[in-house]
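Please look through the model below before reading the points.

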Amino acid sequence: MIPKDSKNKHTAGLGSPSPDCYTVFYDMSSGGSEKENFTKLAVRLPEREAVEWFEKTFGRDPHYVTCQCCGADYAVYERIDTDHADVVVDDPSVYNKQEHKPGQGLE
Ligand SMILES: [Zn+2]
């Protein structure tokens, strides 16, 4: 038996999700265009929660495939940093996507 706690250790870089990790959504421009006002968004949540947050916030499934030849709309992956995302969400509970509009300091 593995104690449940062992999953929660901070093991950055070893592939184990930790509360300190980010999940990055990288718009693949499936179907020829970006879906939201960012190319790459990093949110401070483990992937499973990040996907739920994403669906709630943007009203879309990041794993949806708009165009079969292009593949999924977003690449979704966990990182211990923000991977140079153009939008970084450190506090998902207060994020308001209206604050992030194209051309407002997000180059
Ligand atoms: Zn395509």
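1. Strands are DSSP runs of E with at least two residues, and helices are runs of H or I with at least four residues, both numbered from the N terminus. The model is predicted, so local features need pLDDT of at least 70 and side-chain atom pairs count only at pLDDT 80 or more, while totals for chains, interfaces and linings use all residues. Residues are numbered from 1 along each chain as its sequence is written.

2. An open sheet is formed by 4 strands in the order β3-β1-β2-β4, with mixed pairing. Two strands pair if DSSP finds at least two bridges between them. The edges are held by β3 (74-79) and β4 (87-89); each has a single partner strand, so one side of each lacks a neighbour in the sheet.

3. Strand β2 (residues 40-43) and β4 run parallel and are joined by 3 bridges. Within β4, Val87 is the bridge partner of Leu41.

4. Most residues other than glycine have a negative phi. Ser29 is not a glycine, yet its phi is positive, about 55°. Ser29 lies in the loop between β1 (22-27) and β2. A residue is buried if 20 or more other C-beta atoms lie within 10 Å of its own, exposed if 12 or fewer, and partly exposed in between, with C-beta atoms placed from the backbone. Ser29 has 15 C-beta neighbours inside 10 Å, so Ser29 counts as partly exposed.

5. His84, also not a glycine, has a positive phi of about 55°. The loop between β3 and β4 contains His84. His84 counts as exposed because it has 9 C-beta neighbours inside 10 Å.
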